[in-house]
Amino acid sequence: MLDPGHNGGNAKAPSVINKQVPAGRGETKPCNTTGTAADSGYTEHAFTWDVSQRVGNALSAKGIQVVYTRYDDNGVGPCVDKRAETGNNANAAAVVSIHADGSTSAGAHGFHVSYSNPPLNSAQGRPSISLADDVRDSLRDAGFATSTYLGTNGIYPRADLAGLNLSTRPAVLVECGNMRNAAEAATMASPSGRQRYADAITAAVLSYLAG
Ligand code: ZN
């Protein structure tokens with residue numbers, strides 16, 4: 001399952017996306033958020049949508065069945081708990097949530113990959129760590145820098161992400177880079193840059209599925 005973060009209609013539907021939903025570990029979170037944007041105005045939801053389509057098309061071409069959490073970029077939501085439910089109901093072999101960050105810390109750049117930690121079920125343990133490592137290795141091999149400001153060596157285990165907490169399938173969330181960093185924003189805003197991200201994520205999923 002591919003989960004393109006956010007959605008193009010979220011900003012105009014605050015009453016929907018601000019509704020609290022289960023986030024795992026006894027917590028709640030807003031249904032969804034608008035996501036970030038580059039200084040140019042290029043949005044995270046457009047980036048995640050486009051990269052997900054590129055990854056999904058490549059995986060489909062390899063005969064792999066792909067399920068998405070959303071099928072357009074102008075709707076609202078779905079809520080984070082529903083996104084997890086989609087992967088669970090599909091019995092997904094691997095779940096990849098695709099995002100980009102928006103840090104204004106000076107010099108902050110690079111990607112990081114998160115998985116649910118401490119794990120809440122067996123899929124969140126070793127399988128999710130293995131998937132995270134594959135995504136990290138693939139992005140690094142493709143020349144993308146690991147995060148200078150979050151996690152260690154491109155890996156950032158988290159307890160606070162609803163989609164990961166609620167997943168019963170191997171699941172990771174990748175923040176592909178920092179949209180507020182000019183160089184990374186330029187890569188994300190360009191079709192060739194997005195293809196590079198997509199190629200790396202596709203290779204990681206294929207590597208993970210091959211075991
Ligand atoms: Zn995001």
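Reader: Are C31 and C79 buried or exposed?

Author: C31 is buried, and C79 is buried too. This is a predicted model, by the way, and buried stands for a relative accessible area under 20%.

Reader: What makes the link of C31 and C79 a disulfide?

Author: The S to S distance is 2.2 Å. Two cysteine sulfur atoms count as a disulfide within 2.5 Å, so C31 and C79 qualify. A search of the whole structure finds one disulfide.

Reader: Which hand does the link of C31 and C79 have, and which parts of the chain does the pair join?

Author: The link is left-handed, with -95 degrees about the S-S bond. C31 sits in the loop between β3 and α2, while C79 sits in the loop between α2 and α3, and the two are 48 residues apart. The loop between α2 and α3 also holds P78, which is joined to G77 by a cis peptide bond with omega of about 0 degrees.

Reader: How do you know that H6, E44 and H99 are donors of the zinc ion?

Author: Their atoms, NE2 of H6, OE of E44 and ND1 of H99, stand at 2.0 to 2.1 Å from the zinc ion. The cut-off for this metal is 2.8 Å, so these atoms count as donors. Along the chain the donors follow the spacing H-x37-E-x54-H.

Reader: Why are β4 and β6 called paired strands?

Author: Six bridges join β4 to β6, and the requirement is at least two, so these strands pair. They run parallel. One of the bridges has S97 and L173 as partners.

Reader: What is the order of the strands in the sheet, and which are its edge strands?

Author: The open sheet has four strands in the order β1-β4-β6-β5, with mixed pairing. The edge strands are β1 and β5, each of which pairs on one side only. From one strand to the next, the twist averages 25 degrees. Helix α2 packs on the sheet by touching β1, β4 and β6, with its direction at about 145 degrees to that of β4. Helix α6 packs on the sheet as well, touching β4 and β6, and its direction makes about 115 degrees with that of β6.

Reader: Which residues have the most contacts inside the largest nonpolar core?

Author: They are F47, V174 and I201, in a core of 35 residues. Helix α7 supplies the largest share, seven residues. Beyond its neighbours within four places in sequence, V174 is in contact with several residues, including V96, H99, V135 and I201. Nonpolar side chains in soluble globular proteins tend to be buried together.

Reader: Why is C176 called buried?

Author: Its relative accessible area is 1%. Buried means under 20%, so C176 is buried.

Reader: And why is N91 called exposed but R25 partly exposed?

Author: N91 has a relative accessible area of 52%, and exposed means over 50%, so N91 is exposed. R25 has 30%, which lies between the 20% and 50% limits, so R25 is partly exposed. Phi is positive in both residues: near 60 degrees in R25 and about 55 degrees in N91. R25 lies in the loop between β2 and β3, and N91 in the loop between α3 and β4.

Terms used. Residues numbered from 1 in each chain as written. Predicted model: local features only at pLDDT ≥ 70, side-chain atom pairs only at ≥ 80, totals over all residues. Heavy atoms only, no water. Donors = N, O, S within 2.8 Å, 3.2 Å for Na, K, Ca; no water. Axes fitted to C-alpha atoms, helices over the stretch in contact; angles between N-to-C directions. Contact = heavy atoms within 4.5 Å. Core = buried A, V, L, I, M, F, W, Y, C linked by side-chain atoms within 4.5 Å. Buried < 20%, exposed > 50% of the residue type's maximum accessible area, 1.4 Å probe, protein only.
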